[in-house]
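Here's a quick tour of a ligand site and a domain interface. Have the structure open while you read.

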Amino acid sequence: MYQLPSHMQAVLASEHGGNVQDAIRHLTLGELPVPVPQRGEVLVKIEAAPCNPSDLIFLQGLAGETHSEAAVPGWEGAGKVVASGGGGLANWLRNRRVACAAPRGKNGTWAEYMIARATDCIPLRTKLRYRQAASLIINPLSAIGLLSVARASGHHAAVSTAAASQLGRMLVMLSQQQRFPMLHIVRRATQVDQLHSLGAEHVLNSSATGFYGQLAKACRELKVTCALDAIAGTETGKLLKVLPRDADVIVYGALSSEPCGQIDPVELIYHGKRIDSFYLNRWIRKQGTLRMLRHVYRIQNMMLAGKIQTQIQREAGFVDLRQALEQYVSEMSLGKVLLVPSKT
Ligand SMILES: NC(=O)c1ccc[n+]([C@@H]2O[C@H](COP(=O)([O-])OP(=O)(O)OC[C@H]3O[C@@H](n4cnc5c(N)ncnc54)[C@H](OP(=O)(O)O)[C@@H]3O)[C@@H](O)[C@H]2O)c1
């Protein structure tokens, strides 16, 4: 039988706010009592947990959550269920390897143990390693969700921004699989080749001279009527301008850390263009259990077949996590930083 310790190590974000560098600098390492799961909950021994842009948003205090008690960051991770608080599903999960999402408003995955709702755990296929499983939920499901929202809104081609991100790379694969033409925008010349090598046909570099002219031309040729905007800031208004009448810009990220800007009301009023948003939690709630089971089964298949991969630039233990996060924010496309609690 697994012997639970009384205390665990955890990353603590006791001070939210400031820019992302300040927020990382303010992270500390602390000791907390190992939490006790209630009915319908399980205790997961975390084996790996990534840092996503949404974690950086949380660290800066911009997630809009009431985190009066939540000091431990980390929205997702993977590990083994070591205790159940009771209830059919929670008991069934005992001793299983799972991917898990942090419960809203409670402590997250950047710790040795985390309480998860049993319904927020995905049992893992035997061959799927924790390294990949740690990023099974947020990006793969969002990539599927974004494409399905674009299609359901009647679009037949889209622009994808920040396309060298892990999610952007998943969109390369899914859009090809679904024969949905996509124009991928990256911001460094090296990323153009990387995306071509993944099979992307249309890739533009936003740092190149004459970029917006090239973008407008490519949008016309591919009949693009939708933009998936991970950057926001002035990018939102510029994308809106470039797209044809009745187009949609779907904002799903805030990488610029700026409010959406340069939005010309003429485009909205007279050209019928719209700005919408995508949020994974909201999309999941609309899916229903059966459809979600199908999605996660499909994602695990794609991961096992190597069709969807999350690149990892560094595995860090508790001690070197801050340094690893600083490295991640300086060049995010190199891959995720993964907290591996067992690494000393
Ligand atoms: N709405 C939702 O429910 C939802 C769910 C999942 C993900 N997301 C969003 O999806 C996006 C991608 O997530 P991810 O985990 O795949 O990211 P990631 O792998 O960490 O990569 C981030 C990418 O953004 C680029 N980038 C950073 N700042 C930028 C800026 N100011 N302008 C242009 N590009 C910039 C980076 O390029 P460099 O390498 O050049 O730094 C990198 O390619 C994020 O915005 C995330 O918040 C949203």
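Of the 27 residues around the ligand (a heavy atom within 4 Å of it), the ones that come nearest are Arg188, Leu280, Tyr328, Ser333 and Lys336. Keep in mind that this is a predicted model: local features need pLDDT of at least 70, side-chain atom pairs count only at pLDDT 80 or more, and totals for chains, interfaces and linings use all residues. Residues are numbered from 1 along each chain as its sequence is written, and side-chain values use heavy atoms, with hydrogens and water left out.

Here are some distances to ligand oxygen atoms:

| Residue | Atom in the residue | Distance to a ligand oxygen |
|---|---|---|
| Asn139 | polar side-chain atom | 3.0 Å |
| Leu167 | polar backbone atom | 2.8 Å |
| Lys336 | side-chain N or O atom | 2.6 Å |

On its own the ligand has 950 Å² of accessible area (Shrake-Rupley method, 1.4 Å probe), and the protein covers 90% of that.

Now the domains. An automatic or database domain assignment sets the bounds: domain 1 is 7–135 + 310–339, and domain 2 is 139–281. Their C-alpha centres sit 29 Å apart. With contact meaning heavy atoms within 4.5 Å, 13 residues of domain 1 touch 12 of domain 2.

Together the two domains bury about 900 Å² (accessible area lost on being put together, 1.4 Å probe, summed over both), 41% of it on carbon and sulfur atoms. Gln311, Glu331 and Ser333 supply 38% of what domain 1 buries against domain 2, more than any other three residues.

Which residue forms a salt bridge with Glu331? That's Arg188, with the closest N and O atoms 3.9 Å apart; the rule asks for a Lys or Arg side-chain nitrogen within 4 Å of an Asp or Glu carboxyl oxygen.

Conventions:
Polar contact = N/O pair within 3.5 Å; in protein donor to acceptor, adjacent residues only side chain to side chain.
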